[in-house]
Amino acid sequence: MAPPNESKATEAEIAAEAMADTPPSTFFSLQNGNLTVGHGGKAAVLLSDLPENVTLSPFELDLSSSESSSEAPEQLVKRATAAAHRGAFLGFTAPEPTDRATCRLGRLRGPRRFLSVFRFKTWWSTMWAGERGRDLQPETQWVLLDAPELGPSGCVLLLPLIQNNFRSAIFPSIDKEDGGVILCAESGSPSVTAADFRRIAYVHAGHDPYTVMREAFLAARVHLGTFMLAEEKTLPAMARRFGWCTWDAFYLTVDPAGVWRGVSELAEAGVPPRFVIIDDGWQSVNRDEDPPGRDAPGLVLGGDQMTARLYRFDECERFRRYREGGLKAFVKDMKRRFPDLDDVYVWQALCGAWGGVRPGATRLDARVVPARLSPSLAGTMSDLAVDRIVEGGIGLVPPGQAGGLYEASHSYLAGAGVTGVKVDVAHALEYVCSAHGGRVALARAYYAALSGSISAHFCGSGIIASMQQCNDFFFLGASREVAMARVGDDFWFDDPDGDPMGVYWLQGAHAVNCAYNSLWMGQCVRPDWDMFMSDHACAAFHAATRAICGGPVYVSDSLGGHDFKLLRRLAFQDGTVPLCLHYALPTRDCLFKNPLFDQHTALKIWNLNKFGGVIGAFNCQGAGWDPAEHRVRGYPHCYKLISGEVRPADVEWGQREDTSAMANATEYAVFRSQSEDLLLVTPQSDPIRVTLQPSSFELFTFAPVTRITGVGSDEKKFAPIGLVDMMNCGGTIVDVEYGDSGEVRMKVKGEGRVVAYSNVRPKRILVDGCEATFELGNGGKLVVGVSWKKENDGVSDVVFCY
């Protein structure tokens, strides 16, 4: 198996061992009502005035025992144990058993900077930064506290967990001025109660925020044994491919003719989709008032279908009418006509459809259960989907029959040639869990059944999880089969609430959500930044984020609504994409800031390629969460020009073992994608200044400079940039070899201009064995053209001779 992330210890993890001089029992301490991390002159009081029922216990596993509680692989257990001295369980005891227990964890008096992620809707999460307990938002999934007392980049993660049949989240005190931090544990069922919550949260400290997050989730994985890390899973092939989703093109009116035409338009323009997602609208659904055996009439826009239920497991009449064989015939014809089309996915809700399964319509014992929201969701944003589900309830298949639900659906789909599913509306389960052992028990049953069916019918990883951005999904549903999931809320073309500027500011909010959610979700899955439309006003902005996100790249263009020039900067002629090695994350200097409406911070995200790194700088200012109004809205005074700085150290070279050596370069060549300038910088150089208009961006490709040996007396220096007609130009480089006779051989995929840095003019450049014309511009910008080599999967062999 080839995991997406190296499982070996990286340089960042090894560097974190410097904190190991603190004894395990004293690194975190709970004394005199204070939660403290560190010791001596490097101690930090994180929370104060903690009550006596708050507990702190070490992370411990008895590796010598044959009855060790963890089922995790031995390698993971050893790594978790090696880092255990930097973590501890934080919890509490309740006065009496209850189904919803809250405990005050003391005060976060501040000022102490923090980054957090909270649920702003049942299914979606976003970032929030602050300095005091009163700044926290309800349903916070985790809090990263800045702890400079521990040294450079010192930080502490507070991570709510699940314990038995309870899940937890963080809330602010009702009295905002009090600065109190509340930990809430809930089962979702009055019949499921407990009083012992001593391992309901975990704290972990370190000098590297990315390693702290990784080690904390490693500890949770080993402790809980209910989910798997991304490094344990195989990266789905579709992450390296370009695709198209039908949603924005058709909404609920999707039909075979439309899908065929959409794929055809893209393929004929030289950007063939390698996967298609037939989104909501293909299923056989109807409403309770509709005739039992007929599709619901008049379903067009999102919202209309949210009270409809599944009444049969095959396709709706529009697809059944596609000649004899229906969906199966259609998929077969599609793959015959478009041989590059590897995957056809279809949409489904976790409970079958938005409204579940219609009682009496199938052999399953579905019953309509009224949807009731937890008090914890009281502070979330108003949501049409929630309103409609509450209106109609959910036709819930009992947990013991969840396997039958997925078997009936997936066996049919697999037989029709469908290769995977996009599973949506995951957290609707928490609305209907009361009579089924609570939210954890019900979710555990459904996720186990789903994973088993994916394994049986869709090659083990044919799933994209969506509307799943709550911690109990990742602690319960992120099985081996679930290797990819959405990290942002939906792409919106414009503001559904009517703000005319929403067409711009919503796009920045989407990018920020994806970047910060990847910090935690990326520990369990490969982040999926969702589709976008290539003819949108901010399409290039979206395209730049997708180009370096490290996940799948797909659009939801309407028929005839394509910007093919832009799409060709994302996808090769064979429908593959230049995929980064890692997944994009915010840079360290963004972690405790607000790139949405603080009026000066640019969102910067980093990623890694085989022979360099990339930084994307985005002006996302102009929108965000309003705690008073409980909604995402525009902040017009923030929608303005901003400036920022970029430096080589912004790239987290050490997060992968195979890129860590690039951190030691003495010089870097830097290519700016928008201006196409090439710069030469050192780690000691002044930062590169960047000025960004609203809703604009710049991509910076960093390539270490290598000194060429074996020819002449003059120093010759070289750095490979890549095919600059692609947004992720560094990802187009397949290989680089430095010969003893003064030759540099690059293998580059794609067609267009290959750029490299060279301080001297080469004697000649060979492209696939033939001498080629080239240009050497100011600053050492070396440019040579290549064409698409179909017989070699689009790869050209470029030799620079000195």
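This is a predicted model: local features need pLDDT of at least 70, side-chain atom pairs count only at pLDDT 80 or more; totals for chains, interfaces and linings use all residues.
1. The partner of E645 is R647, and the two form a salt bridge whose closest N and O atoms are 2.9 Å apart. R647 is also partly exposed, at 27% relative accessibility.

2. R198 has a relative accessible area of 41%, so it counts as partly exposed. D196 is partly exposed as well, at 32%.

3. Now try E667 and R707, a salt bridge with its closest N and O atoms 3.3 Å apart. What does this pair tie together? E667 sits in the loop between β32 and β33 (668-672), while R707 belongs to strand β37 (residues 706-708), so the bridge links parts that are 40 residues apart in sequence. E667 is buried, at 11% relative accessibility, whereas R707 is partly exposed, at 37%. Elsewhere, salt bridges with shared partners make one network out of R100, R119, E139, R167, E186, E430, R439 and D472.

4. On to the aromatic rings: the whole structure holds 34 aromatic pairs. F118 and W128 make one that is edge-to-face, at 6.3 Å centre to centre and with 90° between the planes. F118 is in strand β7 (residues 114-119) and W128 in strand β8 (residues 125-130), so this pair ties together parts 10 residues apart in sequence. Both F118 and W128 are buried.

5. F597 and Y635 give you a stacked pair, with ring centres 4.1 Å apart and 10° between the planes. F597 is in the loop between β27 (585-586) and β28 (603-609), and Y635 is in the loop between β31 (631-634) and β32 (642-646), so the pair connects parts that lie 38 residues apart in sequence. F597 is buried, with a relative accessible area of 17%, and Y635 is buried too, at 9%.

6. For the strands, have a look at the open sheet of 6, in the order β27-β28-β29-β36-β33-β34, with antiparallel pairing. Which strands stand at the edges? They are β27 and β34 (678-681), each with a single partner strand, so one side of each has no neighbour in the sheet. Within the sheet, β28 and strand β29 (residues 612-618) run antiparallel and are joined by 7 bridges. N609 stands opposite G612 in β29.

7. Last, some backbone spots to check. Most residues other than glycine have a negative phi, and most peptide bonds are trans. G110 and P111 are joined by a cis peptide bond, with omega at about 5°; P111 is in the loop between β6 (100-107) and β7. V425 has a positive phi, near 60°, and is in the loop between β22 (420-424) and α10 (438-457). D793 also has a positive phi, about 55°, and belongs to the loop between β45 (781-786) and β46 (795-801). Is each of these two buried or exposed? V425 is buried, with a relative accessible area of 2%, whereas D793 is exposed, at 56% relative accessibility.

Definitions and conventions. Residues are numbered from 1 along each chain as its sequence is written. Side-chain values use heavy atoms; hydrogens and water are left out. Rings of Phe, Tyr and Trp (its six-membered ring) pair if their centres lie within 6.5 Å; planes under 30 degrees apart count as stacked, over 60 as edge-to-face and the rest as tilted. Helices (H or I, at least four residues) and strands (E, at least two) are DSSP runs, numbered from the N terminus. Buried means under 20% relative accessible area, exposed over 50%, partly exposed in between (1.4 Å probe, protein chains only). Two strands pair if DSSP finds at least two bridges between them. A salt bridge is a side-chain nitrogen of Lys or Arg within 4 Å of a carboxyl oxygen of Asp or Glu.
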